[in-house]
Amino acid sequence: MALFIWGGGILLIILILAISEIRKYKGEIFRCTAAAVRKYWNLFLGIGAIIIFALSPIVSYNDKVLFELGLPDFFVHLWGIFRATGRAMWMVFYILIIFCICRLFQLYKYHRAFIIMMVCLCLQLFDYSDFIHSCTDKRGLKSNDVYESILESPAWKQLEQMDKDKVLFMNGADRNNSIKLTNIIGVQRVYEITRFAFQNNMTVNDFYFARTNQDIGDYRGELWDRLYEGKVDEKAVYIFVEEPVKLIQNNVLNFYVIDGFLVGIKEELPNLERVRADAEMSVMPLLAVSLKNGIYRDGERVIYPDGSSGGPDIPLNAGKYVLTITGKNLRCVMLEISADKPCGIDYKYSGDESIIAEISLNDDAKHFITLFTNTGNEDVSIADIKIKQI
């Protein structure tokens, strides 16, 4: 955000002021600076306090975490009142920007200062041009564009006629229930479904929020419990972010893939193929159960050297399965597969781009878990995790 506030125009003003001040005071620059600090000590003290307040205990370079400072719980809880203390730095930026503009008009005659300001404004706008262009491309805000919905299947019309009154977004297999939905499936896809709900007088159980909401997460957890017990809300259209294997196996709902959305309803939709229990199902949402020393990039889970990641963590019925993991540099991975019930594992293949294992469960498992640890010197990328009952 600091880049957008400063931009080339403001940096040019700072450069002009620095050169002007050095030329004006020459050898007395340090004495004059000290005098200014003594005169405006309260302003500098306030800026220093804001900077300390905005500091993060995590020091990183790009997406690499360099080190993390451990803070007492008192400070963590106190600072936790604010969602993002780093935004307090905006006040410092604004103070410095206002000071620089005022100082510019003090050092130069009005018309010269005005010309400099216009040049800097043009540079500032040019600096933002790529960002503005990218925003209009992604959000469809260009004036000559016509909005086109991604909901193209006639199945949505069938859903409109089924007297449904709610849309229920469901995270992966009763985990990460409080994580922002937009982080998993994207803002546009959330907006498309909520637009569909609005047009058909339906409510939704989740939407875009600046913060995670524990109440929404708790409610979604209750919905998962009901579904696992076979209790279905017949008035609901369920939208799942990944295939809930156990629910599909138990025929709790009729599942359909409609325009890339996994939809579950009580009724059957004619002329539309159901998701079958014996199909290969993806169990890797964008957000894993855990990710230490890694990043989510282009829909894949990237694990840095010495990093680890857990997930999926899903319930499975007793039976035999084939687990297929695809990605890059998978030879560097130490894979641990476990369950809360006795679990037989037979690794069939392990290579750079895929790992295949056969899983045997004699009893229903509430938690079937995979854990990846990168033991190599290169980044590991996990593109997908699929499971199929055999």
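Predicted model: local features only at pLDDT ≥ 70, side-chain atom pairs only at ≥ 80, totals over all residues.
1. Which strands pair with β5? Strand β3 (residues 166–170) runs parallel to β5 and is joined to it by 5 bridges. Here Leu 168 has Tyr 238 of β5 as its bridge partner. Strand β7 (residues 261–265) pairs with β5 too, in the antiparallel sense and over 3 bridges. In that pairing, Leu 262 of β7 stands opposite Phe 240.

2. Next, have a look at two helices. The axes of α3 (residues 41–54) and α5 (residues 89–107) lie 8 Å apart, and the helices pack at an angle of about 145 degrees. On the α3 side, Leu 43, Ile 47, Ile 50, Ile 51 and Ala 54 take part, meeting Met 89, Met 91, Val 92 and Ile 95 of α5. Sorted by class, this contact has 9 nonpolar residues, with no polar and no charged ones.

3. Finally, find Gly 307 in strand β10, which covers residues 300–316. Is Gly 307 buried or exposed? Gly 307 has a relative accessible area of 0%, so it counts as buried. Leaving aside residues up to four places away in sequence, Gly 307 touches Lys 292, Asn 293, Phe 372, Thr 373 and Asn 374. Asn 377 is 70 residues from Gly 307 in sequence, with 11 Å between their C-alpha atoms.

Note on methods
Residues numbered from 1 in each chain as written. Heavy atoms only, no water. Axes fitted to C-alpha atoms, helices over the stretch in contact; angles between N-to-C directions. Helix = DSSP H or I, 4+ residues; strand = E, 2+ residues; numbered from the N terminus. Contact = heavy atoms within 4.5 Å. Nonpolar A, V, L, I, M, F, W, Y, C, P; charged D, E, K, R; others polar. Buried < 20%, exposed > 50% of the residue type's maximum accessible area, 1.4 Å probe, protein only. Pairing = 2+ DSSP bridges.
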